[in-house]
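Visitor: I'd like to learn how to read a model like this one. Could you walk me through a few features?

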Amino acid sequence: MTASYPALRLRRTRASAWSRALHRETVLTPADLIWPLFVTEGENVEEPVGSLPGVSRWSLDGIAARAREAVALGIPCLALFPNTPPGLRSEDGGEALNPDNLMCRAIKSIRDAVGGEIGVLTDVALDPYTSHGQDGLVDDAGYVVNDDTVAVLVDQALNQAAAGADIVAPSDMMDGRVRAIRMALEMAGHPNVQIMSYAAKYASAFYGPFRDAVGSRGLLKGDKKTYQMDPGNAEEALREVALDLAEGADSVMVKPGLPYLDIVAKVKQRFAVPVFAYQVSGEYAMIEAAAAAGAGERDALVLETLLAFKRAGCSGVLTYHAAHAARLLNA
Ligand code: PBG
């Protein structure tokens, strides 16, 4: 039952700012943001990432400073990605299991800086540690083998949990890894460490700048299409999500973000669970390039795209614009 024109004028509630605020269905707050940070060795090091203007790799002191900044801005969670020194990358990515690796030290430096005031999310996958840039172990034919990789990912997740990670986020797309990681966390006395699974992660052209940032772009031969999803598939994404939930994921992620908002909406409608999206590096770069080219106003582009994730059903968004967006929202 609805009125019709002129009793019904949808423009009536849009006529003033106060009314638009009153009728807004979806809002974005700093608490919706997860800030991905790139970590590098050294002291007082800030290395700008060329293909991600405005984003840098930070040494541990810089990571601690970003953690303090995030707390002050009301950002609830940081996501960490290491740029492993080339000499420590190997065929089997063994550095991922080193309790004193860059990732583990970064977790501790955040704890020292801000205690438990912020969540730390760690990526579970081998690509920042392998000499071939793949997310798992490869056989002689270059195929990324599933079950042996899962065994290593379990140890990687335990290593991160022991160092103090709050959320482990497997981004590798191996089959069965969520269950294996969940069981291992329970057995190892980490019942409250969450799993946010990259459940629907697509083999995307939008990851290029990220691979620059973690130093895997030049190493990677070929692509990741035998494990990451085909961009044409939506039903398969729902199957991936169903499996990860059944295996014990606390929340699920869709990645990339904006080009896959249909997937976010479908997942939210079907499962009614916490859904996150990763506005990935190529999306960030696209917004920055558009703004630099004068095609749009940067702040407005940033806030509109992030709000779109909320509208589609996301509980939160991983975005390199997190600090900037939080500043805008707090102003
Ligand atoms: C790797 C990983 C990737 C991203 C997050 N974790 C890249 C890839 O799968 O090659 C991409 C994030 C981004 O582009 O911002 N496991």
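Visitor: How many residues of strand S4 (residues 77-82) are buried?

Guide: Some ground rules before that. This is a predicted model, where local features need pLDDT of at least 70 and side-chain atom pairs count only at pLDDT 80 or more, while totals for chains, interfaces and linings use all residues. Residues are numbered from 1 along each chain as its sequence is written, and side-chain values use heavy atoms, with hydrogens and water left out. Buried means under 20% relative accessible area, exposed over 50%, partly exposed in between (1.4 Å probe, protein chains only). Strands (E, at least two residues) and helices (H or I, at least four) are DSSP runs, numbered from the N terminus. In S4, 6 of 6 residues are buried.

Visitor: Which residues of S4 sit on each side?

Guide: In a regular strand the side chains alternate between the two faces of the sheet. Here Cys77, Ala79 and Phe81 are on one side, with Leu78, Leu80 and Pro82 on the other, and all are buried.

Visitor: Which strands are joined to S4 by bridges?

Guide: Two strands pair if DSSP finds at least two bridges between them. S1 (residues 33-39) runs parallel to S4, with 6 bridges, and Pro36 stands opposite Ala79. S5 (residues 119-124) is also parallel to S4, through 4 bridges, and there Leu78 stands opposite Val120.

Visitor: Which kind of pair do Phe81 and Phe210 form, stacked or edge-to-face?

Guide: Edge-to-face, at 5.0 Å centre to centre and 85 degrees between the planes. Phe81 lies in S4 and Phe210 in helix H6, so the pair ties together parts that are 129 residues apart in sequence. Both Phe81 and Phe210 are buried. Zooming out, ring pairs link Phe38, Phe81, Tyr198, Phe210, Tyr278, Tyr284 and Tyr320 into a cluster.

Key
Rings of Phe, Tyr and Trp (its six-membered ring) pair if their centres lie within 6.5 Å; planes under 30 degrees apart count as stacked, over 60 as edge-to-face and the rest as tilted.
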